[in-house]
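Let's take a friendly walk through a protein model together. Have the sequence and the 3D view ready, and turn the model as you read.

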Amino acid sequence: ELDKGGMFDLIYKFPDHCIEAVNITKESISGLRFNNIMNVVITGMGGSAIGGDLVRMLTTDRAQIPVIVNRDYKLPAFVDEKTLVVASSYSGNTEETLTAYDYAKTKKAKIIVITTGGKLKEKAAQDEVPVITIPGGLPPRAALGFSLFPILVLFKELGIGFGKKSDIETAVSLLKRVREKYCPQVPEKDNPAKALAGKLHGKLPLIYGTSNLTDIIAVRWKGQMNENAKHPAFYNAFPELNHNEIMGFEGDSKLLKTFEIIILRSPNESDRIKKRIDITTDILKEEVSGITEIWPEGESSLEQMLYHIMFGDYVSAYLAILNNKDPKEIDFIDELKERMK
Ligand code: PA5
């Protein structure tokens, strides 16, 4: 059974989710005023936090005010009435996000909630806090369009991001081409996502990005391999990994032969970063099982980011098949949430 759990279908729908999320958000926030905001804190966990992180990464070069992604019960001490807190929880029942929401209330921060429902939606209704209500029934990580695009549209309203209709439309058209290229119907010889999953099977992926260009995409790849494929995976980013992680490769050669390095490249890397990647690849190529570079398609950084994400999502779903796992089941996360009650 190829599409165990329907994950391929959900990956295929990613571009449609993006458009739907833009429309829902525009409707939900029309009429809201965002004056006098001095900083933004996006608070959430797991699949709901990553959308915030991706927008923060994408807007690093444009945002004139600090933007922080918070994955905790607490919020930073600077949060006050000039802070916009975006509380994002797909289920609306994640305890860290609910506690952070309460904290934002006590600090009189401006709050916007992104959720499908749950306690978070109830609280927001009581407090008359605006809610962007996204469609339910998906695994949160398969709802990335709905955690990412609302924040992207919000940022445009705040004047710290982008989200021109044409930018988004071009990026979504690219995704629609990409989903055909890597979908299960395309055989492995023509399907680099399938081929990469085959290479990673039985190996430990180390996913490397570059700071503020692809580092958060590497986090997404790692999370998707963990949750969808039940596969251990780790990430790091250039240039930081040149200052510590590289030394681990002087270690146990048998262990190192189980590592598969994936480097998420970007045409926007500086010359110094390019040089670092070249030298690192040269030093490590004999030590590990293999090194694969993934260059994105697309012109804009939004297109390139979405390309990389969809590629990684497909790889994780193919790896789930090879590992004989259902990509939708997340037993340990469920057990943890249950035992924390
Ligand atoms: O992908 C997942 O299922 C998890 O990472 C969840 O996103 C995480 O546990 C937080 O839950 P929620 O997104 O409902 O707030």
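## Around the ligand

The shell around the ligand is made up of 6 nonpolar, 8 polar and 2 charged residues. Keep in mind as you look that this is a predicted model. In total, 16 residues surround the ligand, and the closest are Gly 46, Gly 47, Ser 89, Ser 91 and Pro 140. Which element gives the largest share of this shell? It is helix 3, with 3 residues.

Now look for an open sheet of 5 strands, which are arranged in the order 2-1-3-4-5 with parallel pairing. Strand 2 (67-70) and strand 5 (131-133) are at the edges and have a single partner strand each, so one side of each has no neighbour in the sheet. On average, neighbouring strands here are turned by 15° against each other, direction ignored.

You can find Val 41 opposite Val 85 in strand 3. Helix 3 (residues 46-58) packs on the sheet, where it touches strand 1, strand 2 and strand 3, and its direction makes about 135° with that of strand 3. Helix 5 (residues 118-127) lies across strand 3, strand 4 (110-115) and strand 5, at about 145° to strand 4.

Strand 6 and strand 8 run parallel, and 5 bridges join them. Here Tyr 208 stands opposite Ile 263 in strand 8.

## One face of helix 8

Which residues of helix 8 (residues 192-200) are buried? They are Ala 193, Lys 194, Leu 196, Ala 197 and Leu 200. Seen down the helix axis, these buried residues fall within an arc of 165°, so they line one face of helix 8. The general idea is that an α-helix has 3.6 residues a turn, so residues three or four places apart point the same way.

The cover over the buried residues of helix 8 includes strand 6 (204-210), strand 8 (259-264), strand 9 (290-294) and helix 12 (301-322). After helix 8 comes Gly 202, with a positive phi near 80°.

Most residues other than glycine have a negative phi, and most peptide bonds are trans. Against that background, look at Lys 108, which is not a glycine but has a positive phi of about 60°. Lys 108 sits in the loop between helix 4 (95-106) and strand 4. Is Lys 108 buried or exposed? Lys 108 is exposed, because it has 12 other C-beta atoms within 10 Å.

Asn 212 also has a positive phi, about 65°, without being a glycine. Asn 212 belongs to the loop between strand 6 and helix 9 (215-229), and it counts as partly exposed, with 16 C-beta neighbours inside 10 Å. Finally, Phe 238 and Pro 239 are joined by a cis peptide bond with omega about 5°. Pro 239 lies in the loop between strand 7 (234-238) and helix 10 (253-256).

Key: Residues are numbered from 1 along each chain as its sequence is written. This is a predicted model: local features need pLDDT of at least 70, side-chain atom pairs count only at pLDDT 80 or more; totals for chains, interfaces and linings use all residues. Two strands pair if DSSP finds at least two bridges between them. Helices (H or I, at least four residues) and strands (E, at least two) are DSSP runs, numbered from the N terminus. Axes are lines fitted to C-alpha atoms, for helices over the stretch in contact, and angles run from 0 to 180 degrees between N-to-C directions. Two residues are in contact if their C-beta atoms, placed from the backbone, lie within 7 Å. A residue is near a molecule or strand if its C-beta atom, placed from the backbone, lies within 6 Å of it. Ala, Val, Leu, Ile, Met, Phe, Trp, Tyr, Cys and Pro count as nonpolar, Asp, Glu, Lys and Arg as charged, and the others, Gly among them, as polar. A residue is buried if 20 or more other C-beta atoms lie within 10 Å of its own, exposed if 12 or fewer, and partly exposed in between; C-beta atoms are placed from the backbone. The arc is that of the directions from the helix axis to the C-beta atoms.
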